[in-house]
Amino acid sequence: MTAWVLLAGALGCPDPAKIEAPAEAAVPEVLSPLPDARLARRLSLDLRGVLPSLAELDSLEAGQVDTSTLRDSYLDDPRFEERFVQLLGQAWRTQVDEFLVRYVEYPELAGDEANEYPFERAVGEEPLRLAARVAAEDLPWATIVTGDWSMANEVTGHLWPVDYPADATGWQKVHYTDGRPSAGILATNGLWWRYFSTVSNYNRGRVAAIARLLLCEDYLSREVSVAGGSSVADAADIEDHLRGNPYCLGCHSSIDPIATALFGFWPANEYSIEEIERYHPEREPLGPILLDVAPSWFGTPFTSLADLGPLIEEDPRFATCAAETMASLLWRREATLEDGAELADVRAAWMAEPRMKAVMRAVTDGAKYRAGGFTAAASAPDLERERVVRQLDAPLLASVLDDLTGFSWSWEGFDQLRSDTWGFRVLGGGVDGLYETRSLDVPSLTWLLVVQRAAESAAAAAVDAELLGGGDRRAFVAVTLDDVPGDEAFTDELVALHRRLYGSRPEPSWTAEVEALWSASAAEADAAEAWRTTLAALLQDPLFVSY
Amino acid sequence: MLLFLPLSMSCGPGDAEVAAEACETQSAGWDGWGRGFFTTWCGACHSATTADRRGAPVGSNFDSWDEVWAQRARIEERVLVDESMPLGGGLSEADRAELKALLACDDDAASDPGDESVIPPASLDAAGVAARADRVVAGGIPFASAWFDGFVDILMAHADPTCPEGANAPPYAIRAAIEGCVTADGWMFSGLTLRETTAEGTGVREVVVGDGWGRDPEGRSLVFGGELEWWGDGTGADALWESRIDGTWGYEGAPGWQGEMPSLSFAAAGAAAEATLDGGIAFVGAVVYFDALRLDAAVCPGSIAGGGLRVRDDAGYWTTLTFDEDCSACGAATFADGSSIGTVCVDPAPLWASLVGYDP
């Protein structure tokens, strides 16, 4: 029997052991769950980019809410939309620091260097903001490819052909006024500035982006064999090869018929502002002519870019990809074949309700998301694959510190933790969208330095604003500069800080150590400096920078 | 030792039941994985709806689980055993493993939703199509040389010796700082044009590449982004000529349709009494694409001798008009979904008016 089973397994036949009992019961648990308060912290960070409030931790401790209720409230939190932008940005990779057109080419922006960063994010975040609005409003996820609206802020709103309200500020829903078809993100400047087409690439690279972002099909990673000796030299040669050579046909037989849909975005000069910020409806018919193929979505004919959204919506890979993308982002690792069972659960949630919040609920309900450690049953591949600890990367750190202390790190208009030209996003473990495509999950030297400087500055900002300046309490609850170790207010403050920052109550030994640190610092300087030192230290604790 | 088992009997005792059940519990069934796999890797050639099978045998389609199941042995052989499909290779080991598992399933478990692309009903009737066509045709034939002359007129009137550099004398290849320069009379220029003049036949070919913009003191835009190209054989009244405008070349302060900042991807070629027009022109409110529209005084003086044009509606769907060969400048119009819109007539007079006397 054993030999038969092995043989059958090798041939791809179902393993009888798995058929007799549901897969989960047959496989021993390899993951142990996070304690509730830590899980609430992970959920709050992932879904709103901030720490749970003390009130939330209180009600969790008192059993008035469970983590699922909290999770649902986080999904409805006003900060969810912003967090979703940052999260999806890691997969869509549009928050880049460079486009073919620079801010100085706009006379409205040229005069001030501080315009560079806001311009770059206003461009690159357009598709992400659209997707985040769809998610936040709990619209069907396919709206991202069928909607007739986009998002613009006060930068792009006044530069691009959109109906941005004259007196508005911030991100607003807008409609393009240049005749582009309704196709959600597929009709946004932001997506196509990031995934631009050169004149001779004929939009093919953009189709690879559509396939990767929306179908999770990565053409660029296909292990294609180029037949020996065929040298693909000039553009005309390439065009011949793509149509005649079987090794090129494999991908191009599906890419080219889709690329035909995007010729309204095909520029006559890819460096000209007017050419890339406006849609060119008169070029739509050029696609089938220049590519010499009829428009089709993997074999289903279509006639307009407006048809693409509904075709994508019906493509089962769109559902699978939505599930896989969100699972990967929340698991902080690639989804693999071994995740089939959990992904099937997520996909089932989607089938019941094809909306992103449903997907996020399903992912965050799963054992892989909730894992805080391994059991003895975990094998070496399990240990290698699963992420039971996440690390705050620079953009998430920025969001947490801003919420906690009001500190935001900016220089010449550049957000230092969210950009790279003059900032530390990648050095701090973040994704730049071009070279780094997954946020760091183990500490690095530069990450530690970024955390250290951010923690020191945030601590100083909190002490200055709250303890010296008498401002609203955010990081501190009730302590004053007159309180010293041993005072009730001092002890209460340490307990509150431990809970707020780490999600759990402190051990007495911890309290004693922190009091000693505070006292040593106070002896050298004063109470304010002692709190700066203490809070900066707490913000560098592994319990704070991991989640 | 068994080295090869035909698929249909590879699953041992009671395999039909076992496999049927397996298919239900398996995470990646047809809907979850299989359909996407066949669509991505095979559908462009092996699909009932594909426009170009590229040689894939007729009837060898994988659009549904039924079709895949019926052809599973051949699929296994071509993809898993001798790896000769998909054409060009590229499958990962993971995909091969999934396919192997999928093909081990029974056919009961699979479902097969079809997909159809839905084209909304035509929003323009014959009169609407004609109105849009006439609106673009009313501008006459856009000649690249004339457009460049218009651009040079603006430079001559407003440029300073150094803003933009190169603006005051032929060849008018200009250069200005990317953030712009300002002239004494308040115009702003940014970017550059490159101009190449080469002898060709008895005439010259001119190519201008532009990447720049200007603003007049009232804040109206001048745009030169794309390419202009023209050629004439230099023989005077009967000269052969070619003209091409790609991109956006316009000035909001200009009279006529250049003032609408039109976007073009348009080419024309001809002689004194004939022309062929190809490509698209977008105006505010009217977008037309010329399909080898023919003007020929020897065949249809003052009218249209053949070819066609397409007119776009606001949602992005096109109506195609093919001119009758009776010099009526009318023809049958067909909407994107294949339905007839009726007969549409175009006023060709402005095209002829611009052609007469054109000498590049």
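Q: Which residues are exposed on the other side of α28(A)?
A: This is a predicted model, where local features need pLDDT of at least 70, side-chain atom pairs count only at pLDDT 80 or more, and totals for chains, interfaces and linings use all residues. Residues are numbered from 1 along each chain as written, chains are lettered from A and ligands numbered from 1 in written order, and side-chain values use heavy atoms, without hydrogens or water. Exposed means over 50% relative accessible area, buried under 20%, partly exposed in between (1.4 Å probe, protein chains only). On that side of α28(A), the exposed residues are P508(A), E513(A), A523(A) and E524(A).

Q: Which residues of α28(A) are buried, and why are they on the same side?
A: The buried set is W510(A), T511(A), V514(A), E515(A), W518(A), S521(A) and A522(A). They share one side of α28(A) because they cover an arc, taken from the directions from the helix axis to the C-beta atoms, of only 130°.

Q: Against which helices do the buried residues of α28(A) pack?
A: Contact means heavy atoms within 4.5 Å. The partners belong to chain A: α27 (488-502) and α29 (527-538).

Q: Is E277(A) buried or exposed?
A: E277(A) lies in helix α17 (residues 273-277) of chain A. Helices are DSSP runs (H or I, at least four residues), numbered from the N terminus. With 7% relative accessibility, E277(A) counts as buried.

Q: What separates the centres of domain 1 and domain 2 of chain B?
A: Domain bounds come from an automatic or database assignment. Domain 1 of chain B spans 15-118 and domain 2 spans 135-356. Taken over C-alpha atoms, their centres are separated by 50 Å.

Conventions
Helices (H or I, at least four residues) and strands (E, at least two) are DSSP runs, numbered from the N terminus.
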